Amino acid sequence: MGLYIGIDGGGTHSTAVAAWPDGRVAAVTEGLGLNYHNVGVEPVRLRLEEMVKTLEAQAEAPVEKICVGMSALDGPADEATLALFTAGTLSPSALDLQSDAYAALMGFTQGEPGMIVICGTGSMLLLVDEKGNQHVSGGWGYLLNDAGSGYTLAREALLRVIDAAEGTGPSTPLTALALDYFGVSYPRAIIDRVYAPDFTPDQMAGFAPCVIAQAEQGEPGALDILSHNMERLARQAARLFLKAPAARRVGLYGGIFAHSALARGIFQKILAGLWPQAEICDLQYPPELGAIIHLMRRAGTLNEASLRLLKKTYEEVKP
């Protein structure tokens, strides 16, 4: 049999791993982002083909199956979407396009029922039930509804700054932090920064660590922003669990959870009150390996021995 390739296709960066069906990692490579909403289908197709070609050359073996966790998807790709990426050298029978959330979830649960709550620049929840069906909550994007995301935390903090500047709310230390972060000398000058043509959601989300730091110091406004956002996420998670009551495991993923014990703690406490059966679990395998776990599970080669081999050899091969 040929190689299994798992790819974590982020918005700006991708990691691809080739492994044999028994779990032995053969090669690792990296590439640019795979969000076709940002750069278009054709560039993403060519990037995928290049990563696969590189892995085949490094491993000196052909590819059998490819699973890509794509940041542009919130579920398995339909036939029309799959066709867009198999117009070149990739075979429709080999390519399996999933969401990046699904690939990350496989790294937490190894294919068992469970949920992942992603909280980075954006936010999204994904539940896989006992039959392997996927259920999504959130992920509406920064303009609509990404509770708990870096973008949302930053935007809500700026609303506090605006209220303080307008005299309709109390003064806040977030004002000085915002002026410093956006490189301006007075609040209304933030308008020019936020509405500049080259201003991106990532730049807005970059202010979130300042908000979290204030919350961790007990500043009331920042703590309120973080708390009510974590409550919104926890309520989404509890509601999603209704679709698979037997599921227990919850993985927390993304920069907000990774860098804020307070955010994790607030979320976990509220979720425990809403859904006591939930169990917060740790990430065992990164998303690129989660994509391979998905392929191994479908092929019937996933077991404890193959999982151990996958983790061990990935540590040996990756840069």
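Where is the place of glutamate 60? The points below take this residue up and then move to other parts of the model, which is a predicted one.

1. Glutamate 60 sits in the loop that runs between α2 (41-59) and β4 (63-70). The residue is not a glycine, yet its phi is positive, at about 55°. With 74% relative accessibility, glutamate 60 counts as exposed, because the cut-off for that class is over 50%.

2. Glutamine 110 also has a positive phi, near 55°, and is likewise a residue other than glycine. Its loop is the one between α4 (100-109) and β6 (114-119). Buried or exposed, at 14% relative accessibility? Glutamine 110 counts as buried, since the limit for that class is under 20%.

3. Glutamate 156 belongs to helix α5, which covers residues 150-166. This glutamate is buried, and its relative accessible area is 13%. Which side chain does the side chain of glutamate 156 meet in a polar contact of 3.1 Å? The partner is asparagine 229. When neighbours within four places in sequence are set aside, the contacts of glutamate 156 are Ile225, His228, Asn229 and Arg232.

4. Helix α10 (residues 220-241) meets helix α9 (residues 208-216): their axes come within 7 Å and cross at roughly 110°. At that angle α9 is roughly perpendicular to α10, because the class takes in angles from 65 to 115 degrees. On the α9 side the contact is made by Val211, Ile212, Gln214 and Ala215, and on the α10 side by Ala222, Leu223 and Leu226. By type, the residues of this contact are six nonpolar and one polar, with no charged residue.

5. Proline 220 is in helix α10. With a relative accessibility of 61%, proline 220 counts as exposed.

6. The structure has zero disulfides. Cysteine 210 is in none, and the nearest cysteine sulfur to its own, that of cysteine 119, is 17 Å away. Cysteine 210 is partly exposed, at a relative accessible area of 23%.

7. Cysteine 281 is buried, with 10% relative accessible area.

8. Leucine 309 has its place in helix α14, residues 304-317. Its relative accessible area is 26%, and leucine 309 is partly exposed. Apart from neighbours within four places in sequence, the residues in contact with leucine 309 are Asp22, Gly23 and Arg24. From C-alpha to C-alpha, leucine 309 lies 28 Å from phenylalanine 257, and the two are 52 residues apart in sequence.

How values were computed. Residues numbered from 1 in each chain as written. Predicted model: local features only at pLDDT ≥ 70, side-chain atom pairs only at ≥ 80, totals over all residues. Heavy atoms only, no water. Helix = DSSP H or I, 4+ residues; strand = E, 2+ residues; numbered from the N terminus. Buried < 20%, exposed > 50% of the residue type's maximum accessible area, 1.4 Å probe, protein only. Polar contact = N/O pair within 3.5 Å; in protein donor to acceptor, adjacent residues only side chain to side chain. Contact = heavy atoms within 4.5 Å. Axes fitted to C-alpha atoms, helices over the stretch in contact; angles between N-to-C directions. Parallel < 35°, antiparallel > 145°, perpendicular 65-115°, else oblique. Nonpolar A, V, L, I, M, F, W, Y, C, P; charged D, E, K, R; others polar. Disulfide = S-S within 2.5 Å.
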